[in-house]
Amino acid sequence: MVIGIDIGSTTTKVAAMNGGTDIIKMKTRAVDAITSATGAFGKLLVENHLNLSSIERINITGVGAPKIPGNLFGITTNRIDEMTAIGTGGRYLAKKDRIIISNIGTGTAILEVDNGRITHLGGTGVGGGTIIGLAREMLNTSDFDTIMSYAAMGNVRNVDLHIGDIAESNIGFLNKEYTASNFGKVVETATKEDLAAGILNLTFQVIGMVSVFAAKSKNNDTVVVTGNGSNNVIGQKILASISKMYNIHFEFPADAEYATAIGAAKS
Ligand SMILES: Nc1ncnc2c1ncn2[C@@H]1O[C@H](COP(=O)(O)OP(=O)(O)OP(=O)(O)O)[C@@H](O)[C@H]1O
Ligand SMILES: [Mg+2]
């Protein structure tokens, strides 16, 4: 069995791959790199009744990987380049060989996978960390579930300026319902629910558009979304509406938050 450990800026993910297909996974919040990596790894072993002796090797990746010295628990421990891990994991989960990957973690990385070739195209600092940081300042909470429940009840019309607010009719292909300016119209009566909805809209619209431009520049129409941002239900809806406008398909594979850990285990 090979263990992939992805020590991200916010959370640490562990995936155990048995025979190349069977995935066992575990997630934890990062306290420090060593504690979160060994903690998540230990929990995965204990909860799945696995023996240390059944582990062939450990492949670690993510921003925290360089903080782990030597071999963990005497098991051969390799360092895997994070972009290689994201690309390998995204391709495996998508079951497709030609894709654009938008990895929404604390920030967002965008990659092209063209069969075996993985290219880091760039990205944006707008990501999951943006949601938490803006919420802390604007809503006095950084609890993710609270932010999501506020956002589900909010109305972006009280926060965002829409094409219809400034123009009588559609502008080119832009429908009156589309955003002209994120946070461009925060009404005085905007509630914390409205602001939370605006924060999610800002984050996922920026990520969606950067992904669209990346896909178009590579003549690709499939963006596979990985990272913790992949299973954000409000984010998925925002990306789905961008999908319709630009004819780019966003896919959200199961276990996408483990894509980097899975890719490390498969590298
Ligand atoms: N329960 C949760 N606790 C904290 N963050 C959560 C939670 N659920 C979702 N998130 C979101 O996930 C984001 C982190 O995503 P992820 O774990 O993929 O990033 P990372 O791998 O740690 O970071 P990076 O890849 O950018 O180094 C947070 O910023 C937050 O927006
Ligand atoms: Mg990550």
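Reader: Which residues come nearest to ligand 1?

Author: Ser9, Thr10, Thr11, Lys13 and Thr106 come nearest, of 17 residues around ligand 1. Near means that a heavy atom of the residue lies within 4 Å. This is a predicted model: local features need pLDDT of at least 70, side-chain atom pairs count only at pLDDT 80 or more, and totals for chains, interfaces and linings use all residues. Residues are numbered from 1 along each chain as its sequence is written, chains are lettered from A and ligands numbered from 1 in the order written, and side-chain values use heavy atoms, without hydrogens and water.

Reader: What lies 2.8 Å from an oxygen atom of ligand 1?

Author: An N or O atom in the side chain of lysine 13. That is a polar contact (here, a pair of N or O atoms within 3.5 Å).

Reader: And which backbone atom lies 2.9 Å from a ligand 1 oxygen?

Author: A backbone N or O atom of asparagine 228. A polar backbone atom of glycine 107 is 3.3 Å from an oxygen of ligand 1.

Reader: New topic. How do the shell residues divide?

Author: The shell around ligand 1 has 3 nonpolar, 11 polar and 3 charged residues. Asp, Glu, Lys and Arg count as charged; Ala, Val, Leu, Ile, Met, Phe, Trp, Tyr, Cys and Pro as nonpolar; the others, Gly among them, as polar.

Reader: Which domains supply the shell?

Author: Domain 1 (2-79) and domain 2 (89-256) each give at least three residues. The bounds come from an automatic or database assignment.

Notes
Polar contact = N/O pair within 3.5 Å; in protein donor to acceptor, adjacent residues only side chain to side chain.
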